[in-house]
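This report describes the architecture of a two-chain model, beginning with the individual chains and ending with the contacts between them.

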Amino acid sequence: MPLIVGAIALVWLALSTTHMVGPKEQGIVTTFGKYSRTIAPGVSLTAPWPIESVAVVDVTSIKRDSIPEGEGEKLMLTSDRNLVDISYLVRWNINNLKLYSFQLADPDQTVKEVAEAAMRASIAEVPLTEAMGGAGRATIEQNVRNRMQAVLDAYRAGVLIQGVEIKKADPPAKVIDAFQKVTVAQQDAQRELTNAQAWALQVTAQAQGAAAEFDKVYGQYKLAPEVTRRRLYYETMERVLANNDKVIIAAPGVTTYLPLPQIAKKAPPATEGGTQ
Amino acid sequence: MNDNFAQRIWEDNKPAVIAVIVAIVGVLSVVTVVPETEQAVVVRFGEPVRVFNRFRPSADFGSTGAGLVFRIPIAERLVRIDKRVLSVDMERQQVLSTDQQRIEVDAYARFRIIDPVRMVRSAGTTERVGEQLQPILSSVLRQELGKRTFQSLLTAERGQAMKNIRQGLDQEAREYGVQVIDVRIKRADLPDGTPLESAFARMSAAREQEASTIIAQGQRNAQIIRAEAQATASKIYADAFNKDPVFYDFYRAMQSYVVTFANPKNTGQSTMMLSPDSDYLRQFKGKANP
């Protein structure tokens, strides 16, 4: 019988005096509720429960708070009284376990509320285009982080904000059509511009081509003006007359009748199936 | 079997077991643990007499008086009060700004009980303190925000407004032995219904205007580009042809004849009537050049 009691006592001693603290963790040791010390990763010995008790907490792992939770729409007012649908992520960890354990009634909830207040304050400082735009986003994220850290430090929360990331900053669903019209308009304007530029290139290229051609011919003409001129004349006339009917009016004062049958021959043939 | 075991111990050492139980009860009624997160007010016959682990801003954890405390059994009672920073949430409410705009505000205050004795006398418990503070926060907030324009509520002036609200609330809260650390607006939204709808309408209208402007600007830019190209082309032509306007006239006429009369698309459509005197048929007459 005393053997059993002794064994139970031994197990109880072993369990409540040795504490394993993982590499990412720290432990808070309290003696009858009073803070005694913080223990580092490794194996530590304490007085047995109920004299000393240990609370081990993961301190280095980054906690992520996604706000809003889920896919809901979260509208915030911008400085130009527009609304923007924001969702963001706050990454934080515990940098002072003692403060984190004893200072705030609900540190996790506090981080979320402070994030919300800081985000709204920062969004309210910028106009809509900046809140949605890429460059303004980084500034807002930095602002929110700084604000949050300042407030949490004032609360002595023992929390370090690692970063704030805006995941989404979109126009509200109700006005998204109007925003898409702007995108479409931008594309239209761009297309108009591209077309005009292409046309401009063509027109100038044509002009340059024609000018170059003229310059070449003119160069030849300059070398032998009379001959070149006549050659060009005959070549042109050849092409013109070779492709058309010719009537030579032999003598002045002679009335010439147009060879009407020939003209009729050239006319497009009457549709033969017209009677059907 | 366990029962048997307990029974046997009980039977064997009746006086010892009773002594141990009495001792434990005795110790527990005198000694109590006050953790770091609590302050304890000792109330003797309904009258607070002393405080354990009272909040002092300078005291670090571990040297504040938490731990084992003693009291006189029966006569003295311990009232435990949270020592940490606590939060009170204000219910969402509408505030009317000076420019008659409605805005829906969600706020919270963070506070700490710094005078537990006063708190025990006035509110009794930690929960009651929160309940008492909530309506005060509401009214102070409405008063302060109602003095401001909508725009200033949104932006930087919020800082000063929040300070005033904190001070206002703090003054009232001291009655309960409470220090207000911070007041913050969590949300400031347009109320559902007309204000929200009109904001959406305004946003849509602004975007549609922007879209038409972009299209108009695009057309203007395209026109400018076309006009400039025409001007450039015109200059290129002029520069080239101005070298010899007479030759240009001849050369261009030749090109034009070919296009008009020798177009492969409609050959043989024209009938040319030539006088033997024409320049082309000059050699027809078989005469030597004059």
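## Basis and chain B as a whole

Two residues are taken to be in contact if their C-beta atoms, placed from the backbone, lie within 7 Å. By that criterion, 68% of the contacts in chain B between residues at least 6 apart in sequence join residues at least 24 apart. The structure is a predicted model.

Chain B contains 8 helices and 10 strands. The C-alpha trace of chain B spans about 165 × 65 × 40 Å along its principal axes. The radius of gyration of chain B is 49 Å, whereas a compact globule of 290 residues would have one near 19 Å. Of the 290 residues in chain B, buried residues make up 26%.

Strand 2 (38-44) of chain B is mostly covered, with 5 of its 7 residues buried. On pairing in general, strands of a sheet are joined through backbone hydrogen bonds, in either a parallel or an antiparallel arrangement. Strand 2 of chain B runs antiparallel to strand 5 (residues 76-82) of chain B, and 7 bridges join the two. Within this pairing, Glu76(B) in strand 5 of chain B is the bridge partner of Arg44(B).

Strand 2 of chain B also pairs with strand 3 of chain B, again in the antiparallel sense, over 5 bridges. Here Val43(B) stands opposite Pro48(B) in strand 3 of chain B.

Which residue takes a positive phi in the hairpin of strand 2 of chain B and strand 3 of chain B? The hairpin has 2 residues between the strands, and Phe45(B) takes a positive phi near 50 degrees. Phe45(B) lies in the loop between strand 2 (38-44) and strand 3 (47-52) of chain B.

## Helix 4 of chain B

Helix 4 of chain B comprises 20 residues (residues 126-145). From its first C-alpha to its last, helix 4 of chain B reaches 28 Å, close to the 28 Å expected at 1.5 Å a residue. Several residues in helix 4 of chain B are buried, among them Val129(B), Leu133(B), Ile136(B), Val140(B) and Glu144(B).

## Chain A: composition and sheet

Chain A has 8 helices and 10 strands. Of its 276 residues, 26% count as buried. Among contacts in chain A with a separation of 6 or more, 66% are accounted for by residues 24 or more positions apart.

One open sheet in chain A consists of 3 strands in the order 3-2-5, with antiparallel pairing. Its edge strands are strand 3 (34-39) and strand 5 (52-58) of chain A, each of which pairs on one side only. Neighbouring strands of this sheet are turned by 25 degrees against each other on average, direction ignored. Strand 2 (residues 25-31) of chain A pairs with strand 5 of chain A in the antiparallel sense over 7 bridges, and Thr31(A) stands opposite Glu52(A) in strand 5 of chain A.

Helix 3 (residues 107-123) of chain A has 17 residues and reaches 24 Å from first to last C-alpha, close to the 24 Å expected at 1.5 Å a residue. Because 13 of the 17 residues of helix 3 of chain A are buried, this helix is largely enclosed by the rest of the structure.

Leu15(A) is found in helix 1 (residues 2-17) of chain A. Leu15(A) is exposed, with 11 other C-beta atoms within 10 Å. Leu15(A) and Leu77(A) are 62 residues apart in sequence and 55 Å apart in space, C-alpha to C-alpha.

## The interface between the chains

How many residues of chain B are in contact with chain A? There are 77, and they touch 77 residues of chain A. The elements giving two or more residues to this side of chain B include strand 8 (102-113), strand 9 (178-189), helix 7 (194-241) and helix 8 (245-261) of chain B. Helix 7 of chain B gives the most, with 26 residues. The residues of this side of chain B divide into 42 nonpolar, 18 polar and 17 charged.

Strand pairing also crosses between the chains: strand 10 (residues 245-248) of chain A and strand 10 of chain B pair in the parallel sense over 4 bridges. In this pairing, Leu274(B) in strand 10 of chain B is the bridge partner of Ile248(A).

Key
Residues are numbered from 1 along each chain as its sequence is written. Chains are lettered from A and ligands numbered from 1 in the order in which they are written. This is a predicted model: local features need pLDDT of at least 70, side-chain atom pairs count only at pLDDT 80 or more; totals for chains, interfaces and linings use all residues. Two strands pair if DSSP finds at least two bridges between them. Axes are lines fitted to C-alpha atoms, for helices over the stretch in contact, and angles run from 0 to 180 degrees between N-to-C directions. A residue is buried if 20 or more other C-beta atoms lie within 10 Å of its own, exposed if 12 or fewer, and partly exposed in between; C-beta atoms are placed from the backbone. Ala, Val, Leu, Ile, Met, Phe, Trp, Tyr, Cys and Pro count as nonpolar, Asp, Glu, Lys and Arg as charged, and the others, Gly among them, as polar. The expected span of a helix is 1.5 Å times one less than its number of residues. The radius of gyration is taken over C-alpha atoms; the globule rule is 2.2 Å times the number of residues to the power 0.38.
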